[in-house]
Each structure stands twice: as C-alpha cells, then as structure tokens.
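Colleague: I have a model open and want to know what its labels rest on. Can we take them in turn?

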Amino acid sequence: MFEYLPYIFGQLVLPGNLALMFIGTVVGIIFGAIPGLSGTMAVMLFMPLTYTMSHETAIIFLLSLWIGGCSGAFIGSVLLGIPGSASAVSTCWDGNPMAKQGKASKALAIGMTASFIGTFFSAIFGALLAAKTADIAFAMGPWEYTALCLVAMTMVLAISKGNMFKGLAATSIGLILASVGYSPIDAEPRFTFDNMYLIGGLGMIVVLTGIFCVSHILVTFGKGFVENPKVSKEGLKGYGLNVQDFKNEAGNIVRSFLIGLGIGFLPGMGSGLSNLVAYSSAKNASKTPELFGHGCESGVWAPEVANNASIGGAMIPMAALGIPGDSTTALLIGALTIHGLEMGPMVFANSGDVVYLMFVTVAVVALLVFAIQMVCKRYFPYILRVPNHYMYSALLVICLASAYVDSGNLYKVGMMMFFCFVGILMAAGGLPNSPLILAFILGPIMEKNMLRAFQYTGTWTTFFTRPVSGVLMVVAIFCVLSPIFTAVIGRLKKKKESV
Amino acid sequence: MKVKRDQLTGAVLVIAGLFFAYLISQFKTPFTPEYPGPSLLPGIGAFGLIVCGAGIFVQGCLKKDEDKVFLTKKGWTRVLISFAALCLYVLAMKYLGFLVSTPFLVYGVTTYFAQDSATKTRLWVRIVFSIIVAVAIWAMYVPLFGMTLPAGLLFE
C-alpha cells in the first residue's frame, strides 16, 4: 500500500485535480444540503463530464461530489428540519430542535465534525480492510458472486418493510432494463426491436437520469414547490465545540462509527439505514433517552458519524468484490467500468494504485469538506435560499445535456424522456428508486456469473450446496420473506396479548 | 366502484410482465434447466413483475383506506406541460442546436416554475439567467471538457 504513496501524492497535487476536487466538494455540499437533491444525483448528473478525463481525475471528481453530498446533508436537517437526503433523516429529529433552541451553531459544528470523523476514519479502515477482503474474494466462484448480488438486491428490499412487493417490482424493472441489448455469452439480441440504438444496451445515464432526476423534478413541480423558510445567519460564527463535548460523546462516536462501517460494508445497504440504526442505538444506550427528539446532542452525533462511516464501509465491497455497498457506489462502479477499471479482487493486482488513490482521496476530501464547512458555516442559510424555479430549470438542462454527452446522439435524449415518463409512473405507483438502481447495475454482473455457474455444473442446486453461496442464498431468501415473518410474528404476539 | 391506485399499478405491472414474458418466449436460444441462457435474467424480471404486480393488485383490493392524492388535476397538467416542453426542446435542439434552443427552454421553464413562488422574478432577470445558464453549461461541456453538444441541423 505504501509503495503507491508517491503516485497518489503526485495525482492529488496536480492543479487540475485539486481544482476539480474543490469544485466537486462544493457542488456536492450544495446538492447534499438542498432538500430534494443529493450527492447521488450530483454523481449521476456530472458523470458524463468525466468521460474525457483520465481515470484518476474522474475518480477524484466523482468521489468529491459523493463525499460533499453525504457530508452536506445535515445542513438542511439542522436548519430546516427537512433532511437533505435519506442519509440525514434522523439528524432532523434532534438537529432541528437544537436550532430552534438557539443552538444552530453547535448543531452544525457537531454535524461537520461528526461527518469528518466518520468519513476520514472509515477511509483508513476501508484501505486496510479492502485488500484482506479481496484475498477472501479470490476463493469465491460464480456461485458466490451470484448469491452476493442477490443479497445486495434483496437487503434493500428488507428495509422497505411494508412495500416488499413494490420493492421487488422495482428490482424486476431494473433487471428487465439491464437485459436490453446483446446477452452475454450467447450474444442473443434482447428487446432490441431491430433498433441499432438498443443493440449496445440502455446507457446508465439515460435510464437513471430519466427515471430519477428529470421525473423527480417534474413530479416535485407537479406537487408544488415548497419554499424553504428563511433562516437567519445570526449566531453561526465560531466553531462551537470544546474538548469536553468530545469526551462526553466518545462512546457514542465509536459505537456509531462501527455501526456505520458495518452497515456500509453490507452489500446493498448504506447511509440511508446506518443513520437510523445509530440513532436508535444511541437512544437505547443513553442514560437520558427522554431527551432524544428534543434537541439532544447525542442524537446529532450518532447519525452523522454513522452515515459518513458508511462511505468507507461501502467502498470495501465495491473495490474488493465489485459489489456496491449502496446506490452511489453502484453508480461509481458503472463510471469506473466506463474508464476501463473493473472492480473486484483482481483490481488490487492490476490497479492497486488506483484503489488506494480512491481511499486516500476520500480521506483528503473529508478534510477539505471540514475546512470548507468551517469557513462557510455562517453562509449555509444562503444555500437554502436558492429559488426552486431557477435551480430546477438549470438542473433540467444539465440532465438533458448529460444524456446527449453520454451517448452523442439526440435519440438517446429522447429515450431519456421516455424513462422520465416511466419514472413519473413509478412515482405515481409508489415504487422505490434504490432497488431499481442496484438491479440495473448488478443485473449484468449477476447474469454473467449465473450463466458461468450453469456452464460449470449444469444445475441450480450448486448455489445451495456450496457453503458460502448456500448461506448467502438463505440470507437473500430470508430478506425477501422477512416482512412476512415480521407480520406473522406480530399477529402471534397480538393474539397472545389478547388471550 | 373507484379503482384504487395500487390496483392500477398492479394491473400495469402484470400486463408489462406478460408482455416481456411473450418477448422472452421468442428468443432463439432455448431455455433448459441445465443452461437457462439469455432468458434467465429477463425471465426473472418478467416473473417478478407478474408476481409483484398481482401482489400489489391484491393489496390494493384488500386496502380499506382511501388513496392519498399523488397529484391533483392541476399537478398532472403541470407535469404534462413541462414534459411536453422538454420533448419540444429535444426536437428544437436537433434543428436549432443547444446554444439557440436552451435559453428559450430555460426562460419558459423558469417562468412556468415561478408561478407558485413568493418572490417575484423580473423579466430581465429571467432573460439574463436563461442566457447565462445556456452559455455556462455549453462552456462547461464543450470548451472546458472537450465534449460536443448539438450544433443544430440548420447551422451545420
């Protein structure tokens, strides 16, 4: 790992890379802070810009957008009580009450510091653990990879609880969309309708930008833009934390960090879940749980450390296995593939320098985010004052330009409009987004491995007879059936209580 | 009887699943238990759509609560008008190119989106904003990152 340091340092000090890191971080923070936008959306929108960059520059830019987005999400939660993204949902519960009690500065300082701790140390842990995970991954065959892909797709469903059918339907749509074009191994044209634009498959940007960005903007407008309340910048000066604050929260920080790292590592999970789990753990472990929800500082520390610790956690399976830890790492895997980097155990042998560049970039961007947030803390309220009609109209143009740049023809931009229509229908039907993203990105990986497995053994039973694959398949099945189990157990409990 | 949204969603998913299942049945490479071939992945997807669609439909039938309104009639009109404007923009880009058609779209959309806004926007601000956005995005993609945006058939 240390032999790559001169290369990594050389990349990070290049003026172009430094400039893009700064721009990516600022744009990411803005996307993270504004409710309705997110770091994932920023990565999606600006990914085509990286096509002409070297892969190192692309990695630095995309990671800056992601880290900035994840670290900026608490701003909306604290100042408005509206989470910037799903990763900061539970930050609202205590962050906003703190702001209302006149402690906005302290809540923001906690958010900034916790984000830094989570991201920085998870990057270090990630760098140390990824190579070890890759060593284990060498022992894995196509059966295990297939099962891992299934686990990644189904774990997202397990947390969608009551919407299991809808989650699975979104996964199914993702699998169908991933099938378009020539099939692997057999080269059979699927759903191409003799159209030359469909032979190579549907582009990731075309599908995902259409379904998630354009349709999201139109539906948000259809529902009526909600103007953010004006927040004063008074009292937002200074850092706001002292050594005693850290001492008081040391246990909470360590626990939340481990929760975030662990949940981030699980395929398919991410910051959207880790912040909720860390919050409830902090509440359960607290001597004063009654203070939670009323402006308790621990209730801000826990989710913010955990959601950012998920970043390093999610990067481990991404780098070592080629399996995304969450929807943003799924996008990053897609982007890196375009740049000729296939993630997985072999990447350490073929492009170890690039893998460690990723982890070091995350750590450096964490520092940069913290520095920017420290300097700009008192200007946070201005980010939230951007008028919706200006912001969304500019974003729409970026969406359409991205689709054109991605494919080089207007046909695909038209196709993106079709997927925008699909996205509107999905939103109307209440189908969730994340399962579709994961299925669309993981579908081809799963299919390739599944077909290879069938070529080797000619039977599906091997998926269950190989120990690791068998366990993972059982986990996947359990995830699909978990809402049924939960419902049955709930009914039995109710029955017992009534007796 | 009023059709519930879940019933409609479920029915659409089942129909889509059946449609894809039909297309899959037309694949040349046969599906066998020893080697499922190219039908495997879309087959799982189509099967999932049919089963989940049926499940959502049944859930919709069993649900006693009234549906929450997703979009009002006014909301749907807004979505459709914006959608139509974007489709028109794609067509305009083909003939007029990015730099000419974008300011018109941005101006139109900004004006349309601003209808609910509490802060009034001035005409000249919207015009200047539209031109700046078009030029800034063009500059970001074309000279800065060396990419191409539609030049327009009329100007080629």
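Modeller: Start with the buried residues of α11(A): S271(A), G272(A), L273(A), S274(A), N275(A), L276(A), V277(A), A278(A), Y279(A), A282(A) and K283(A). Keep in mind that this is a predicted model.

Colleague: What makes S271(A) and K283(A) buried?

Modeller: A residue is buried if 20 or more other C-beta atoms lie within 10 Å of its own. S271(A) and K283(A) are both listed as buried, so each meets that cut-off.

Colleague: Why is α11(A) called largely enclosed by the rest of the structure?

Modeller: Because 11 of its 15 residues are buried. The buried residues pack against α4 (55-79), α5, α10 (243-265) and α12 (298-321) of chain A.

Colleague: How do you know that the span of α11(A) is close to the expected one?

Modeller: Helix α11 runs over residues 271-285 of chain A and has 15 residues. From its first C-alpha to its last it reaches 21 Å, and 21 Å is expected at 1.5 Å a residue.

**The nonpolar core**

Colleague: What makes the largest nonpolar core a core?

Modeller: Its members are buried residues of the nonpolar kinds, Ala and Met among them, joined through C-beta atoms within 7 Å. The largest such set has 213 residues. Those with the most contacts inside it include L62(A), A319(A) and M358(A). Helix α5 (residues 89-137) of chain A gives the largest share, 21 residues. Chain B takes part too: domain 1 (5-62) and domain 2 (73-144) each give at least three residues.

Colleague: Which residues does A319(A) touch?

Modeller: A130(A), M343(A), V347(A), V355(A) and M358(A), leaving out residues up to four places away in sequence. A contact needs C-beta atoms within 7 Å, so each of these partners meets that limit.

**Chain B against chain A**

Colleague: How many residues make the contact between the chains?

Modeller: Chain B gives 60 and chain A gives 55. On the side of chain B, α2(B) has the largest share, 13 residues. That side divides into 38 nonpolar, 16 polar and 6 charged residues.

Colleague: How far apart are the C-alpha centres of the two domains of chain B?

Modeller: 39 Å, from domain 1 to domain 2.

Colleague: What is the predictor's confidence in chain B?

Modeller: pLDDT runs from 0 to 100. The mean for chain B is 90, and 99% of its residues reach 70 or more. The model scores ipTM 0.93 and pTM 0.83.

Methods:
Residues numbered from 1 in each chain as written. Chains lettered and ligands numbered in written order. Predicted model: local features only at pLDDT ≥ 70, side-chain atom pairs only at ≥ 80, totals over all residues. Buried ≥ 20, exposed ≤ 12 C-beta atoms within 10 Å, placed from the backbone. Helix = DSSP H or I, 4+ residues; strand = E, 2+ residues; numbered from the N terminus. Domains from an automatic or database assignment. Contact = placed C-beta atoms within 7 Å. Expected span 1.5 Å × (residues − 1). Nonpolar A, V, L, I, M, F, W, Y, C, P; charged D, E, K, R; others polar.
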